[in-house]
Amino acid sequence: MAEKETPPIILQFAPLNSSVDEGFWHSFSSLKLDKLGIDDSPISITGFSGPCSHPQVSNHLTLLSESLPLEEESLIGTTSHGNRNKCPVPGILYNTNTVESFNKLDKQSLLKAEAKKIWEDIQSGKALEDSSVLSRFLVISFADLKKWSFRYWFAFPALVLDPPVSLIELKPASEYFSSEEAESVSAACNDWRDSDLTTDVPFFLVSVSSDSKASIRHLKDWEACQGDHQKLLFGFYDPCHLPSNPGWPLRNYLALIRSRWNLETVWFFCYRESRGFADLNLSLVGQASVTLSSGESAETVPNSVGWELNKGKRVPRSISLANSMDPTRLAVSAVDLNLKLMRWRALPSLNLNVLSSVKCLLLGAGTLGCQVARTLMGWGIRNITFVDYGKVAMSNPVRQSLYTFEDCVGRGEFKAVAAVKSLKQIFPAMETSGVVMAIPMPGHPISSQEEDSVLGDCKRLSDLIESHDAVFLLTDTRESRWLPSLLCANANKIAINAALGFDSYMVMRHGAGPTSLSDDMQNLDINKTNTQRLGCYFCNDVVAPQDSMTDRTLDQQCTVTRPGLAPIAGALAVELLVGVLQHPHGINAKGDNSSLSNTGNNDDSPLGILPHQIRGSVSQFSQITLLGQASNSCTACSETVISEYRKRGNSFILEAINHPTYLEDLTGLTELKKAANSFNLDWEDDDTDDDDVAVDL
């Protein structure tokens with residue numbers, strides 16, 4: 001009885017899967033809105049693929065933002081070469097204007113049209129010159145840009161060979177090659193992948209000579225490989241990870257081999273990688289029987305298959321990017337990128353949550369206020385409130401970066417309002433507000449009719465300071481900083497002060513309030529010598545703040561400074577705040593001096609030293625850091641003043657405003673000045689010639 005013939009095993013190919021990066025849809029949305037409009041002409045795009053690089057995960061064909069054409073005028077896709085992980089694959093995108101048009105597309109005709117291109121490339125020899133055309137793909141889509149939702153369907157056209165290809169054997173490449181051959185093949189593959197000229201060439205020939213030396217050549221060199229090899233394999237970058245199936249690209253590869261070289265038996269090499277190097281344990285070598293059809297001709301295009309399945313079903317995929325595709329949300333991600341990259345290497349301990357949650361109050365929206373606001377945004381600070389009662393003047397926009405000519409046309413926009421509008425235009429995710437109000441000042445007496453209005457401003461300012469985490473004192477006059485300094489000390493809020501001269505600047509942080517010393521400082525493990533509070537803006541004064549605006553010439557009324565000062569001082573003010581926020585002791589951090597720190601490093605702060613005061617001069621191009629302790633006679637932050645404010649409230653503020661000497665009398669500065677005036681120095685003649693005698697005053 002004759003032995004029953006075993007039926008041939010049909011070669012099964014693992015389907016290729018797609019992956020679309022969100023950036024692709026964002027770029028396509030811009031292209032659609034800004035350029036295409038209702039034009040639904042097909043667009044040439046580029047997909048990216050590569051060999052499998054993980055034993056349990058197959059590679060995908062991926063669309064990125066760069067998959068779209070760079071030159072939108074011609075809508076011709078541009079292909080980049082030389083990236084081992086992004087082998088370009090030509091594709092075409094059919095986007096419809098309505099969901100109904102999407103559903104009515106003749107998908108079978110579109111698939112046949114792309115398959116015909118592949119067949120023509122095989123017949124013309126183009127596939128030998130550019131083998132990536134064997135993996136042509138197409139995408140149909142509908143973009144609902146109102147809802148930021150996208151419906152799409154991939155097809156990877158594959159020519160159907162008749163009769164089908166039968167599998168003779170399939171095994172790991174490490175079992176097919178000898179150890180010497182395997183070593184040589186791995187080295188040749190690695191060289192091929194390392195070269196910018198060949199790393200993204202997905203189809204190639206592997207030739208192994210009788211002395212076990214392997215070489216890799218282009219498909220167009222097939223004739224040159226005849227007769228000088230022991231083994232000749234048709235290699236390709238296999239995206240599939242399965243141990244028993246080759247990947248989808250082999251289908252059109254076999255069609256090319258059968259059509260161009262009339263081979264009936266083919267050895268193929270499924271190249272796969274691990275950690276960027278050839279992995280012959282993961283790679284496969286197989287032998288297939290490719291039977292020629294008697295009726296096959298170059299003019300007859302084989303049938304094709306290739307529409308991607310969605311969870312096993314022939315239906316399109318859909319994705320909603322309403323949350324991530326909104327430009328504001330994308331802007332948030334982009335703005336945070338630099339800060340997140342800081343944590344990679346430079347500042348691993350940087351606390352971004354503290355920065356994003358802090359609320360900043362900017363008293364003054366002039367030259368300094370604009371610079372401070374822009375720098376705060378750069379640090380990822382989103383919540384900014386402006387307080388200013390001035391309007392944008394014609395001279396402002398060139399020096400104050402948040403304003404434009406339109407803001408000062410006519411009677412001028414209020415700075416607090418215009419600054420908010422500008423921040424929103426720069427970064428829509430900003431949570432910003434503006435308050436138009438004047439800050440009550442000592443030395444500027446008010447009438448009884450004005451008391452209610454002024455006290456209302458005082459209450460409003462107090463509430464603003466209480467509701468914010470950090471306060472920047474950026475006003476034009478010295479006396480306008482007194483009440484905010486007092487309120488910050490009373491509420492124990494971080495206060496950052498910046499002031500400008502003509503060619504000099506001073507930036508400082510105020511210390512904690514006096515009443516915080518017993519509550520907060522006693523819990524800190526700090527040397528007793530460091531528990532002295534840092535001083536505020538007024539601690540070194542021996543006079544109370546007075547009217548500095550009356551009887552002043554124009555140059556004295558305006559802030560006349562060299563234009564480079566405000567950006568410097570504004571940036572330093574923000575850096576001081578960030579240093580305080582990142583310091584473990586926060587507002588209670590001691591003041592560092594750069595002259596005492598050779599390395600600039602500070603174990604407590606990841607950003608380096610945290611000085612108390614920074615003074616600089618652009619005329620000398622110099623900068624120094626200073627340390628000043630809080631004064632018991634300070635008119636703004638001393639315990640005497642804070643206690644009196646808490647006892648008397650509004651009556652205390654009115655007396656400080658209307659009586660110039662009240663604060664000096666309260667703090668003892670009046671007696672101090674009297675004592676100083678009554679102190680006489682009697683100089684004695686001395687015949688000594690010593691020049692190094694020190695006088696201790």
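This is a predicted model: local features need pLDDT of at least 70, side-chain atom pairs count only at pLDDT 80 or more; totals for chains, interfaces and linings use all residues.
Okay, let's start with two strands: β23, residues 504-509, and β24, residues 613-617, pair in the antiparallel sense over five bridges. Two strands count as paired if DSSP finds at least two bridges between them. The strands (E, at least two residues) and helices (H or I, at least four) are DSSP runs, numbered from the N terminus.

Residues are numbered from 1 along each chain as its sequence is written, and side-chain values use heavy atoms, with hydrogens and water left out.

Now, what order do the eight strands of the open sheet take? They go β20-β19-β18-β21-β22-β23-β24-β25, with mixed pairing. At the edges sit β20 (431-435) and β25 (622-626), each of which pairs on one side only. On average, neighbouring strands here are turned by 15° against each other, direction ignored. For angles like these, axes are lines fitted to C-alpha atoms, for helices over the stretch in contact, and the angles run from 0 to 180 degrees between N-to-C directions.

Helix α11, residues 367-378, packs on that sheet and touches β18, β19, β21 and β22. Contact here means heavy atoms within 4.5 Å. The direction of α11 makes about 165° with that of β18. Then there's helix α14, residues 451-466, which lies across β18, β19, β20 and β21 and runs at about 145° to β18.

Let's zoom in on β19. It runs parallel to β18, joined by five bridges, and L362 stands opposite F386 in β19. Here's a handy bit of background: in a regular strand the side chains alternate between the two faces of the sheet. Are the faces of β19 covered or open? Both are covered: N383, T385 and V387 on one side, and I384 and F386 on the other, are all buried. Buried means under 20% relative accessible area, exposed means over 50%, and partly exposed is in between (1.4 Å probe, protein chains only).

Helix α15, residues 482-491, is mostly covered too: ten of its ten residues are buried, including W482, L486 and C488. After α15 comes N492, with a positive phi near 55°.

On to the cores. A nonpolar core is a set of buried Ala, Val, Leu, Ile, Met, Phe, Trp, Tyr and Cys residues joined through side-chain atoms within 4.5 Å. The largest one has 61 residues, and L11, I122, F137, F154, Y253 and L254 touch the most other members. Which helix gives the most to this core? That's α7, residues 250-261, with seven residues. If you leave aside neighbours within four places in sequence, L254 is in contact with L11, F13, L161, V165, V266 and V290. A second, separate core has 55 residues, V358, I496, L576 and I614 among them.

Last topic: charges. Side chains of opposite charge can pair when their charged atoms come close. We call it a salt bridge when a side-chain nitrogen of Lys or Arg is within 4 Å of a carboxyl oxygen of Asp or Glu, and by this rule the count comes to 15.

Take R272 and D238, which meet in a salt bridge at 2.9 Å, N to O. R272 lies in the loop between β12 and β13 and D238 in the loop between β11 and α7, so the pair ties together parts 34 residues apart in sequence. R272 is buried, at 0% relative accessible area, and D238 is buried at 0% as well.

Compare K220 and E129, whose closest N and O atoms are 3.9 Å apart. K220 sits in the loop between β10 and β11 and E129 in helix α4, 91 residues apart. K220 is partly exposed at 44%, and E129 is exposed at 58%.

Then D407 bridges to K421, with 3.1 Å between the closest N and O atoms. D407 is in helix α12 and K421 in helix α13, 14 residues apart. Here D407 is buried at 5%, while K421 is partly exposed at 41%.

And one to find on your own screen: E644, R648 and E655 are linked in a network of salt bridges.
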